[in-house]
Amino acid sequence: MKEKRAYTQKEDIVQGVYNEHLYTPGDESTKSIGFKTSSGTTGRGVALVIERSNTTHPLYLTHGTPRALIRVGMQLCNTMSNMNTMLRIHKVDRMLCLENEDLRRDDIKAIITEFAPSDIMIAPVGSLLEFIDVFANAFPPSLERIYLGGDFISERELAELQQKLPAQIYLVNDYALSETGTLGYSCPYVSKKYAESNLSYVHPLPGVEVDTVGNDEENPSELVVNSPTLGWYKTGDACRIINHTCPCGIQSTIEIHGRIDYDWVAVGGAVFYAHLVKEKMAMFSEEICDYRMYVAREYNSRNEEHGYMNIEIVLAKKPENMERLKQDVIRALYTLKVAPTKSLGDVVEMEVFNPLTVSVVQAIEKRGVKEVRLQRVPLQKIKD
Amino acid sequence: MTRTVQQVVQNILANLPSERPLYKEQTYEQLKPTSWGAIIAVPFLKRALVPTQETMMTILVKHGHQSALFGQTIKNIARESYGNTAFKRPAVAFVDRSESLQKGMWFYEHRILPLLLTPHAPIAKIQMEKYQCDSFVGSNESLYMYKTSFPESVKHVYIIDSHLNLKLLCDLVANNYKVSFVLALPEAGALGNLIIESLTDSAPVFTTHDSAYLEHGRETLVTKLYANPTPILKYKTNFHTEPAPEHSGSPCFKLL
């Protein structure tokens, strides 16, 4: 039987600066602490956590200290903390941090090749696809590993991405939370075993202790991680822990099913509540038997957040007029209240969002314990 | 030019490897001015000349459509002077990620924990409120993005930029912020700190940073007096400057 634990969860760490007692201005120990922050747009508030950098194990070290490391994207606070750790503690030869938008610069291929990276850390998957487009068939010969962070990615998707890369570049899935850093990483043996899976499988990072709250080895429940600075922390991800010995030597694997739920998603000042979307979609219950709304964002050249949306629908029966059904769905959702005085139609008109698109799919793949109806996804998926 | 400057530059040149596409000469006097174009014409790893035992923070410097990599050591980043930096909880936000990280590293070396802001102003506001930031460090452009999000705890604004925006500075002073302005280039670091009393003069006056040696003129040449992996020696800038009388014993220049 498991011991009783007092779990820390997101609600506990959004009240103030978590672990503020670790910081004393002017003290030498400041050099080995850093902020971790979450974006605050997933509906659970902004977390600002101070962590001791020297107690966390950067993912890059699972494959030896990188000689030349590039990090693309991710929260700036977290990047600062990571850069400080990599340069000061782990003594990486050289490190460069780029913005996602930098991948669209005309000279970026030459710049990255000149830097001669051995390892690249990149998030989200949309940026990796841009990176692959930039290099096409001429990747930097120095590049050995790419670590992919950001949103959930299945083994099947990971295998598809690996196929787009030359054989000498190994793609590693970095399973991480903004507020905790990396929790797990993919392993070639496990990836091969589950290559067709719509779930994700990772080994816990060395030094990271994980468990599930459900005390159930058969069914997924919420993953908890024993973090040096957060204690036993509820991650909000649905997982199952498989105890077995992998050929790589690691003795457990985390089977990740995805986020447990998003009750609301905020993008560009607009807030989408799942229950309000459900209310609007109820009027189509005869024609549409299932749906999922994707909300994504990126920053434009003026550094303003810009939103993209798509709704996938599964038809209950063939409609008399497909185009009219799609238009009716769009019209209904444009009346969705997303701000105190604004509807979704208003924010589309204000060009905060691109117009809503509707796509018909055969089935909605369910991830997580609860039914997920709102999901944030990388931009690239919307473009597809 | 003082003897010290000559000696420091000579030491930097003496430590360069024999193959040196950028600086072939042996003394400061022999050196020819270098420009952005001359630097980016040499590949980064050939340009990163000074051998160092330290790890190298690399920054991407952008000039319009062109960009180039510059290597810096943490120790040298810490040597930059940002004037009267009496802050304990700085919020750091530059439009460019490299610059934010470079300045963030400065704070780490000075044993101050910097809060690097997200580019999303409403979230940044929450972050600043939580950390009770006492100061904001950024560029003219980032200041425009974030100034309406400042919590009351922010009392001091540090602008580090290559352009002086008089209206912006005057507005901040009028709104009772303590203001500091540092004239700087990302690749060359700080050149001078604005004497705020000269703000309304026809040509504002700066105290010259002690790690920068300037040859004033229509295209002022800057030499950084420390051995960065990518050295900055007689680097041609767009600043039009001329010497000004000393201020509190420090050499000064006017920005024309």
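These legends accompany close-up views of a predicted model.

**View 1. Chain A as a whole.** Chain A holds 10 helices and 22 strands. It has 384 residues, and 57% of them count as buried. Its contacts also span the sequence. Taking contacts between residues at least 6 apart in sequence, 64% join residues at least 24 apart.

**View 2. An open sheet of three strands in chain A.** The strand order is β1-β3-β2, and the pairing is mixed. β1 (17-18) and β2 (33-37) of chain A stand at the edges. Each has a single partner strand, so one side of each is left without a neighbour in the sheet. Strands of a sheet pair through backbone hydrogen bonds, either parallel or antiparallel.

**View 3. The pairing of β2 and β3 in chain A.** Strand β3 of chain A covers residues 48-52. It runs antiparallel to β2(A), and five bridges join the two. Which residue stands opposite A:Ile33? The residue is A:Arg52, in β3(A).

**View 4. Helices lying across the sheet strands.** Helix α2 of chain A covers residues 76-89. This helix lies across β2 and β3 of chain A, and runs at about 150° to β2(A). Another helix comes from chain B: α6, residues 121-131. Helix α6 of chain B lies across β1, β2 and β3 of chain A. Its angle to β3(A) is about 60°.

**View 5. A:Glu11 and A:Ala47.** A:Glu11 sits in helix α1 (residues 10-13) of chain A. A:Glu11 and A:Ala47 are 36 residues apart along the chain. Their C-alpha atoms are separated by 8.7 Å.

**View 6. The largest cavity.** Rolling a probe the size of a water molecule over the atoms shows where empty space is left. Here the count is three cavities of 30 Å³ or more. The largest cavity contains about 110 Å³ of space. Which elements give two or more residues to its lining? They are α4 (74-78), α5 (97-109), β7 (178-185) and β8 (189-194) of chain B.

**View 7. The lining of the largest cavity.** The lining has 19 residues. Nearest the centre of the cavity lie B:Gln72, B:Glu80, B:Gln102, B:Gly189 and B:Tyr226. By class, 10 lining residues are nonpolar, five are polar and four are charged.

Methods
Residues numbered from 1 in each chain as written. Chains lettered and ligands numbered in written order. Predicted model: local features only at pLDDT ≥ 70, side-chain atom pairs only at ≥ 80, totals over all residues. Heavy atoms only, no water. 1 Å grid on protein atoms, 1.4 Å probe; cavity = no way out; pocket = protein on both sides within 12 Å on 5 of 7 lines; lining within 4 Å. Points joined across faces, edges and corners; volume = space filled by probe spheres on them. Helix = DSSP H or I, 4+ residues; strand = E, 2+ residues; numbered from the N terminus. Nonpolar A, V, L, I, M, F, W, Y, C, P; charged D, E, K, R; others polar. Pairing = 2+ DSSP bridges. Contact = heavy atoms within 4.5 Å. Axes fitted to C-alpha atoms, helices over the stretch in contact; angles between N-to-C directions. Buried < 20%, exposed > 50% of the residue type's maximum accessible area, 1.4 Å probe, protein only.
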